[in-house]
Structures are given as C-alpha cells and as structure tokens.
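Visitor: Could you display the model, please, and then take me through some of its side chains?

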Amino acid sequence: MAMSSILNADDIKKALDAFAVADSFDHRKFFTMVGLKAKSFDEVKKVFKVLDADNSGFIEEEELKFVLKGFAKDGRDLTDKETKEFLTAADKDGDGKIGVEEFAALVKE
C-alpha cells in the first residue's frame, strides 16, 4: 500500500522538505504536518504496516532509519542520532523496537 493512499501527497512532500536537513527531524511536527495525527487508529495502523518493511509486527531500529523513505521514495535517511531519539521516544516497553500500539501512542502525543 502506498503512503499517498492514506495521506495527502502534497502534505508528505511539504513535511519531507521541512526536515530535509540532517538532524532536523522532529516526529511530533512531522506527524502533524503529514496529517497523521488527525487520522483514526486504523489509518495509523496502515501507516505502521507500510513502515514495518519486514512485516515482523514491529518497526526495528534498522527500519526506523529509513522511515522517511516509507513516506516517499526520495525521503532522506535519518541520522543515527535522529533514529535513536525516535526509538527512545516511542519504545515505551524498552524492547528496542516499536509495536503498533507504541507507534499509535507516539503519533497522538
């Protein structure tokens, strides 16, 4: 499923452009800009499934690095610092990966 079937392509582009510079990523602002914050749990779950590249039921640190590419092919890779900050913010149970409930809670923060 393409991310643009869930979220507005123009909103995705604007959000990616806003965080094009390394170490500028802010998940709260990004989720608001792409319109994800306003979506239902089912729609957030669809986004999670797109980002869960290996279909493990979790977004692991390796997948998190490429999270912006999940929104658009030309999205940049997150830096190691951004990846760790994102993981720390979302991983409430400390297992080193993000489950769908953790992702949904992070989106709605």
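**Charged pairs, helix faces and loops**

Guide: Let us begin with Arg-28, which has a relative accessible area of 44% and is partly exposed. The class limits, for a 1.4 Å probe and protein chains only, are under 20% relative accessible area for buried and over 50% for exposed, with partly exposed in between. This is a predicted model, in which local features need pLDDT of at least 70 and side-chain atom pairs count only at pLDDT 80 or more, while totals for chains, interfaces and linings use all residues. Residues are numbered from 1 along each chain as its sequence is written, and side-chain values use heavy atoms, leaving out hydrogens and water.

Visitor: What is the mean pLDDT of the chain?

Guide: It is 96, and 100% of the residues reach 70 or more; pLDDT is the predictor's confidence in each residue, on a scale from 0 to 100. Elements here are DSSP runs numbered from the N terminus: helices are H or I with at least four residues, strands are E with at least two.

Visitor: Back to Arg-28, then. With which residue does it form a salt bridge?

Guide: The partner is Glu-109, with the closest N and O atoms 2.9 Å apart. Because Arg-28 sits in helix H2 (residues 27-33) and Glu-109 in the segment after H7, the pair ties together parts that are 81 residues apart in sequence. Glu-109 is partly exposed, at 33% relative accessibility. A salt bridge here requires a side-chain nitrogen of Lys or Arg within 4 Å of a carboxyl oxygen of Asp or Glu.

Visitor: How many salt bridges are there in the whole structure?

Guide: A search of the whole structure finds seven. One of them joins Asp-80 and Lys-65, whose closest N and O atoms are 3.0 Å apart. That pair links distant parts of the chain, with Asp-80 in helix H6 (residues 80-90) and Lys-65 in the loop between H4 and H5, 15 residues apart. Asp-80 is exposed at 55%, whereas Lys-65 is partly exposed at 24%.

Visitor: And in helix H1, which residues are four residues apart, about one turn of the helix?

Guide: Lys-13 and Asp-17, both in H1 (residues 9-18), have that spacing. Their side chains meet in a salt bridge of 3.0 Å, N to O. Lys-13 is partly exposed at 48% relative accessibility, and Asp-17 is partly exposed at 48% too.

Visitor: Which residues of H1 are buried?

Guide: Ile-12, Ala-15 and Leu-16 are buried in H1. Seen down the helix axis, they fall within an arc of 100°, so they line one face; the arc is that of the directions from the helix axis to the C-beta atoms. These buried residues pack against H2 and H5, with contact meaning heavy atoms within 4.5 Å. The face turned away from the buried side carries the exposed residues Asp-10 and Lys-14.

Visitor: What about H3; which are its buried residues?

Guide: In H3 (residues 41-51), Val-44, Val-47, Phe-48 and Leu-51 are buried. They cover an arc of only 105° around the axis, which puts them on the same side of H3. Asp-42 and Lys-49 are exposed on the other side. The cover over the buried residues includes strands E1 (58-60) and E2 (97-99), together with helices H4 (61-64), H5 (67-71) and H7 (100-108).

Visitor: Which residue is buried yet has no salt bridge?

Guide: Glu-63 is such a residue, and it lies in helix H4. The nearest side chain of opposite charge is that of Lys-97, 9.6 Å away; Lys and Arg count as positive, Asp and Glu as negative, and His and the chain ends are not counted. Leaving aside neighbours within four places in sequence, Glu-63 is in contact with Leu-51, Asp-52, Ala-53, Asp-54 and Phe-58.
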